[in-house]
Amino acid sequence: MRDLSLMTWKEIKEIDKKKSIIFVVMAPIEEHGHHLPIATDIIEGQYWSRGAMTRLEERLGIECFYLPSFPIASASVNEFYGSIHFSMKTTCDTAFAVVDSICCMGFKNIIVIASHADPEHQIAVEKAVRKVNKKRGLSAIAPMGQIFMGVSVESSEYLRSFEEEHKDDYHAGWIETSSMMDIDAEYVRDGYKEYPDSKITDKDMIFKKKQLAAMGKYGYIGAPRFASKELGIELNENCIESVYDAARKFYERNGYEKYANYLLYKILPLHIGFISGKVRRKKVTG
């Protein structure tokens, strides 16, 4: 795999665009509780992308490229230190500009890794990808929305049962804490095992006030105390294999459709952020 930003324009010109895949990570800089860094989503997106690229090259011989990550994303909660969010419109316009520019270089297989599960972000990125594909022909896919919704390769029985027992873990809980422990244990601060569980239903997650109430003074939703490196290995393996599967199927233009249409995209109230085009920010004082 090669970093496209370190190549010259002449070297990029010589790439066989139809026989290569390029990955783009778009995720926010935002708070992840007292125990995880604000770049968590970017770190995860990069890790999953590079794991998938390694498998694409080793298993199929497909040459892979990537760009530096874009720390631009939409989110619904901005009331914590460290969070830098953008409107859905800005996120969509930026994603469109990036992907459309890559299309203009001749690339035909662009994988946008929107490694931030907030529906606002997933919808904004998918809208951009749909717009590019309509303009340039099928050239890009953003599979993470569907992967986050559970449309992925089959996970182990142990992980499935653990997820069922400790569900509704949405933000910096045991899932992300475990993932980061596997990526680099130094990223995880001590004390997470003493934090109380924060609970909210999937239906209430679309309401900002209910999210804030669940996040409380810590800024997470879920149960970080259940995190472990062993779980992180399984979670990251599942995600890497799912990204690989989506990229391979898109490259082959066979079976990729299940990753292409975010399930929550059709819920019209989730598009309301495009109307105002603004992010409601206030000074953090807590």
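**Close-up 1. Ser 87 in the loop between S3 and helix H3.** In this predicted model, Ser 87 is found in the loop that lies between strand S3 and helix H3 (88-104). With a relative accessible area of 5%, Ser 87 is buried, because buried means under 20%. When residues up to four places away in sequence are not counted, Ser 87 touches Ser 74, Gly 277, Lys 278 and Val 279.

Close-up 2. The open sheet is formed by 5 strands in the order S1-S3-S2-S4-S5, and the pairing is parallel. Strands S1 and S5 (140-141) are the edge strands, each of which pairs on one side only. Strand S1 (residues 2-3) is joined to strand S3 (residues 63-66) by 2 bridges, the two strands running parallel, and Arg 2 has Phe 65 of S3 as its bridge partner. Strand S2 (residues 20-25) pairs with S3 in the parallel sense over 4 bridges, with Phe 23 standing opposite Tyr 66 of S3.

Close-up 3. Helix H2 (residues 40-60) lies across S2, S3 and S4, and runs at about 170° to S2. Helix H9 also packs on the sheet, where it touches S2, S4 and S5, and the direction of H9 makes about 135° with that of S2.

**Close-up 4. The packing of helix H7 on helix H9.** Two packed helices are described by the angle between their axes together with the distance between those axes. Helix H7 (residues 174-183) and helix H9 (residues 229-252) pack at an angle of about 90°, and their axes are 7 Å apart. H7 and H9 are therefore roughly perpendicular to each other, since that description covers angles of 65 to 115 degrees. On the H7 side the contact is made by Trp 174, Ile 175, Ser 178, Ser 179, Met 181, Asp 182 and Ile 183, while H9 contributes Lys 229, Leu 231, Gly 232, Ile 233, Leu 235 and Asn 236. The residues of this contact between H7 and H9 divide into 7 nonpolar, 4 polar and 2 charged.

Close-up 5. A disulfide is a covalent bond between the sulfur atoms of two cysteines. A search of the whole structure finds 0 disulfides. Cys 92 is in no disulfide, and the nearest cysteine sulfur, that of Cys 103, is 14 Å away. Cys 92 counts as buried, because its relative accessibility is 8%. Cys 239 is likewise in no disulfide, the nearest cysteine sulfur being that of Cys 64, 16 Å away. Cys 239 counts as buried at 8% relative accessibility.

Close-up 6. Most residues other than glycine have a negative phi. The phi of Asp 168, a residue other than glycine, is positive, with a value near 60°. Asp 168 is found in the loop between helix H6 (157-165) and H7, and a relative accessible area of 28% makes Asp 168 partly exposed. Arg 253 is not a glycine, although its phi is positive at about 55°. Arg 253 is found in the loop between H9 and helix H10 (257-260), where Arg 253 counts as partly exposed at 31% relative accessibility.

Technical notes
Residues numbered from 1 in each chain as written. Predicted model: local features only at pLDDT ≥ 70, side-chain atom pairs only at ≥ 80, totals over all residues. Heavy atoms only, no water. Axes fitted to C-alpha atoms, helices over the stretch in contact; angles between N-to-C directions. Parallel < 35°, antiparallel > 145°, perpendicular 65-115°, else oblique. Contact = heavy atoms within 4.5 Å. Nonpolar A, V, L, I, M, F, W, Y, C, P; charged D, E, K, R; others polar. Disulfide = S-S within 2.5 Å. Buried < 20%, exposed > 50% of the residue type's maximum accessible area, 1.4 Å probe, protein only. Pairing = 2+ DSSP bridges.
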